[in-house]
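Subject: Structure for your review

Dear colleague,

Please find below the sequence and structure that I am handing over to you. My findings follow directly after them.

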Amino acid sequence: MSEKFNVPSELPRYPRSMWRTVTTLPTFPELRGDLKVDAAIVGAGIAGVTTAYLLSLEGYKVALIDAGRILDGTTGYTTAKISAQHGLIYSEFLTNFRPEIAKGYYEANTEALRFIRETVETHGIDCDFKEETAYLYTTQEDKLDELRKEFEAYQELGIPGQWHDSLAIPVDAKGAISMPGQAQFNPLKYLKFLVEKIVENGGLIYENTTIEDTKYGKPIELYTLDQENTVFCNELVVASHYPFWNKAAGYFSRLSTERSYALAVKPETSFQGGMYLSIDDAKRSIRSATFEGEEVLIIGGENHRTGKSDNTFEHYVELEKFAGTTFGVREIPFRWSAQDVTTLDKIPYIGPFSSDYPFTFIATGFNKWGMTNGTVAGLLLRDNILRRSNPYMDLFNPGRFNDKSMNQNITTTFKMAKELISGKFAGAHEKIDNLEPDQGALVRHGGKKVGAYRDPKGELHIVDTTCTHMGCETAWNEAERSWDCPCHGSRFSYTGEVLEGPAKEPLERIQE
Ligand SMILES: Cc1cc2nc3c(=O)[nH]c(=O)nc-3n(C[C@H](O)[C@H](O)[C@H](O)COP(=O)(O)OP(=O)(O)OC[C@H]3O[C@@H](n4cnc5c(N)ncnc54)[C@H](O)[C@@H]3O)c2cc1C
């Protein structure tokens, strides 16, 4: 790739999601008092909203409950390609599983895409839904064999796709696979319509209501964080991204979280259309969207485990360089980052929470493909709850086990234990007095290692960096000004409030 354009360094100072900026969402009250419903859905992202919508259409009295604002979790910070082309997944699945599993995964995701398309068309939802061809490509000669293997998997499984030796966009592709008939949209405009329908169908929605614990019985009882309110329900759906609740199912050792980054860029050159994902060492995702009547490109990539990056700002800079050299950059109106959850075998866990809890269901582990997998979750959980058969129940059943999963389970548990121990001994090299405005770090203070951030006005915010979930050490994320936990992905603001679970309690604040 040649350096054709100047690479500006004009990243926005603060992260902001384009979808949340351009979409006005309704607001809902906090839960005050007790409540009795047929089904309680915890978590208002794409999985929870789709499930609540589908159950409300079936006449269920639903309550959709979110710890923060609706659609302000990962769904509000996605890149929103609606596609069954999920990287090198089909060759990997064919190596690890029977072909029916790989084929079933493709079909379930294709049905989810069809469901979104039909919902948009039937109701005329204005959400910038646009059909596009998806391309998987590499610019590295040494990755061509992996890409060819993926293409062979398409052929073996009967997945429509074509091989290309080059691409229309200005990347030096050595090879590419196209998958026709995929799509992109503004996910929040689409989900806003579903939210409005839930309310029209008599559903209840609560914001700023964290569910802390549950008591299993008939009905199931859900308790809010302050223990002041109880929700009684016959069916419970855990759609809180990372499960807020872990009883008897070991999810915390079966899931990992990874962050990735996105920029919305006004390019200097016109874009040839399509949605792109590279399999290069530095993965890149590209799609177009419209902002203020103008075409922008959403450039994504730069994955790393949550809490495991020395300088999170550098990831934005790398994307900015790529956008600059490939398309030219006139302006970068938005930058944002988010994290997603992956299961041991990369197939989401959608279905019964565990055999001990037959009226509780879970949807998690979408492996950065939650637009389709989150929609699969809604369709599948509706059928689970209605006790209807569905061809994909076994495929996504969280209770499935295979040897590979078991081995990875042990590795994940081991990594977490290592994290718990190594975090405690990590050095605090910065001196609190040396912190510049808008700088955060681990520091020594009063003989203890603590986390400190000096805000732009010069005020210090000091916290105990021990994660309130399971005691791991959180790490400073300078690009988002947050404390992030490498064990299970909990995140906290610089003042200690929970930004993302599974933690529910804030970090302890320390006086200066
Ligand atoms: C940068 C990035 C780009 C992506 N791009 C794509 C893409 O192009 N295509 C694609 O298909 N997928 C993509 N994904 C993945 C997709 O965005 C996610 O898989 C999906 O949004 C997850 O949805 P969710 O409903 O599971 O979770 P979320 O949207 O995170 O919703 C979970 C909700 O649960 C709430 N909650 C948590 N704990 C509690 C509690 N105790 N009580 C009450 N509420 C609680 C949270 O507040 C949150 O609102 C991307 C992911 C990332 C990180």
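By class, 15 nonpolar, 15 polar and four charged residues make up the shell around the ligand. Please note that this is a predicted model.

**Ligand surroundings**

There are 34 residues around the ligand, and those that come nearest are Asp-66, Thr-75, Thr-79, Asp-340 and Met-371. A polar backbone atom of Lys-368 is 3.0 Å from a nitrogen atom of the ligand, and a polar backbone atom of Ile-46 is 3.2 Å from an oxygen atom of the ligand. The ligand taken alone exposes 1000 Å², of which the protein buries 94%. Two or more residues of the shell are given by each of helix H2 (46-57), strand S15 (329-343) and helix H8 (370-385).

**Packing of helices H3 and H5**

Helix H3 (residues 89-96) and helix H5 (residues 144-157) have axes that come within 7 Å and cross at roughly 70°. Because angles of 65 to 115 degrees count as roughly perpendicular, H3 is roughly perpendicular to H5. On the H3 side, the contact is made by Ile-89, Tyr-90, Ser-91, Leu-94 and Thr-95. On the H5 side, it is made by Lys-149, Glu-150, Ala-153, Tyr-154, Glu-156 and Leu-157. By class, this contact of H3 with H5 has six nonpolar, two polar and three charged residues.

**Backbone geometry**

Most residues other than glycine have a negative phi, and most peptide bonds are trans.

- Lys-218 and Pro-219 are joined by a cis peptide bond with an omega of about 5°. Pro-219 is found in the loop between strand S8 (211-215) and strand S9 (220-224).
- Gly-501 and Pro-502 are likewise joined by a cis peptide bond, here with an omega of about 15°. The loop that holds Pro-502 runs between strand S25 (498-500) and strand S26 (509-510).
- Asp-128 is not a glycine, yet it has a positive phi of about 55°. Asp-128 lies in the loop between helix H4 (99-123) and strand S4 (130-138).

With kind regards

How values were computed. Residues numbered from 1 in each chain as written. Predicted model: local features only at pLDDT ≥ 70, side-chain atom pairs only at ≥ 80, totals over all residues. Heavy atoms only, no water. Near = heavy atom within 4 Å. Polar contact = N/O pair within 3.5 Å; in protein donor to acceptor, adjacent residues only side chain to side chain. Areas by Shrake-Rupley, 256 points an atom, 1.4 Å probe, with all protein chains shown as cover. Helix = DSSP H or I, 4+ residues; strand = E, 2+ residues; numbered from the N terminus. Nonpolar A, V, L, I, M, F, W, Y, C, P; charged D, E, K, R; others polar. Axes fitted to C-alpha atoms, helices over the stretch in contact; angles between N-to-C directions. Parallel < 35°, antiparallel > 145°, perpendicular 65-115°, else oblique. Contact = heavy atoms within 4.5 Å.
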